[in-house]
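Me: I would like to learn how to read a model feature by feature. Can we go through one together?

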Amino acid sequence: MEKIILDCDPGHDDAIAILLAAANPKIDLLGITTVSGNHNVDNTTRNALSVCTAYGIKVPVAKGSPGPLLIDQVLAVEIHGETGLDGPELPPASFELDRRHAVDFIIDTVMAHEPKTVTLVPVGPYTNIALAARKEPRIVERVKRVVAMGGSFSRGNITPAAEFNVYADPEAADVVFRAGWDVTMVGLDLTHQALATPDLQDRVRALGGSISRFILDIWEFIATTHGGLLQIEYPAIHDACCVAALIDPEVFSTEKADIRVEIAGHWTKGMTVCNFEKMGGMRHFGGTASEQVNFRHTVAMKLDHTKFCDLIVDAVERLTRQKA
Ligand code: BDR
Ligand code: CA
């Protein structure tokens, strides 16, 4: 069983990641932490609580950082709407937040478990994760790994070069990729293969019930914003890919690389520069000894769409059964 902390900014695809993590018996969801990203942290926290309330998910939810480390806040209102989760109807939250700040929740939880047993899954800007690593550096050694949605080696989605989660807090992403832990980058190159195709939508529709309705409403809303703004054929289920890979490592293939985050570039701020080991990996980034290459990051490459869809359908089935 994979023990995880899901650090998120719900967010439509974040909500699906929450459902997948809560439903699958291979995941032990230790807690949900929230961050500013798709919307402000008040809204992303309310959305996380509402999703948990609606579907009987009883895990601690801790509210986190209200904005990025250094830059001004960037929200994704044009993708996720005025509430951060426009479209589906959700009940008001009926349980209380954990009293701790998300950063302290992450530190306490990692330190309370055996070394190398807790995986961090950031699927919003990495502000909380970076702050936790700075506040208690021992967590870097102690976590099992970090499986993060964000970045890209091909295209961006908020600028031509940058993906939203990294662009919205590039300094935090820099801290996360520089830290000594094992990081898997689940970037747009992968998540743009994780589409809610008509076949997947039909399978979810056939299950009926309120969870099926919720997910279909998510896709209906996101189809308009992803299709219109990003020219993606069907809604991309970005964040759930990280959880899926922890349930079934075969859900995507990977390559080793050395990843650096561009924090200074005028046109390229937030870009994740990937130096792949296999593709004739460059021996240096900038020529100085401190920039020695180390192909220690993992990059998600090719999705097994069938396996991924099966996991989504299985989660809806399980939650529907539990609710009945
Ligand atoms: C990422 O940005 C957000 O809008 C999504 O929830 C996902 O985490 C994709 O770039
Ligand atoms: Ca997200």
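Me: Is Phe 276 buried or exposed?

Reply: Buried means under 20% relative accessible area, exposed means over 50%, and partly exposed lies in between (1.4 Å probe, protein chains only). Phe 276 has a relative accessible area of 7%, so Phe 276 is buried.

Me: What should I know about the model and its numbering?

Reply: This is a predicted model: local features need pLDDT of at least 70 and side-chain atom pairs count only at pLDDT 80 or more, while totals for chains, interfaces and linings use all residues. Residues are numbered from 1 along each chain as its sequence is written, chains are lettered from A and ligands numbered from 1 in the order in which they are written, and side-chain values use heavy atoms, with hydrogens and water left out.

Me: How many aromatic pairs does the structure hold?

Reply: A pair of aromatic rings is described by the distance of the centres and the angle of the planes. Rings of Phe, Tyr and Trp (its six-membered ring) pair if their centres lie within 6.5 Å; planes under 30 degrees apart are stacked, over 60 edge-to-face, and the rest tilted. The structure holds three such pairs. In one of them, Phe 153 and Phe 276 have ring centres 5.1 Å apart and planes at 85 degrees, so this pair is edge-to-face.

Me: Where do Phe 153 and Phe 276 lie?

Reply: Helices (H or I, at least four residues) and strands (E, at least two) are DSSP runs, numbered from the N terminus. Phe 153 is in the loop between β5 and α7 (164-167), Phe 276 in strand β8, so the pair ties together parts 123 residues apart in sequence. Phe 153 is partly exposed, at 34% relative accessibility.

Me: What is the strand order in the open sheet?

Reply: Two strands pair if DSSP finds at least two bridges between them. The nine strands run β3-β2-β1-β4-β5-β6-β9-β7-β8, with mixed pairing. β3 (61-62) and β8 (272-276) stand at the edges; each has a single partner strand, so one side of each lacks a neighbour in the sheet. Strands β7 (residues 252-261) and β9 (residues 297-303) run antiparallel, joined by five bridges. Lys 256 stands opposite Thr 298 in β9.
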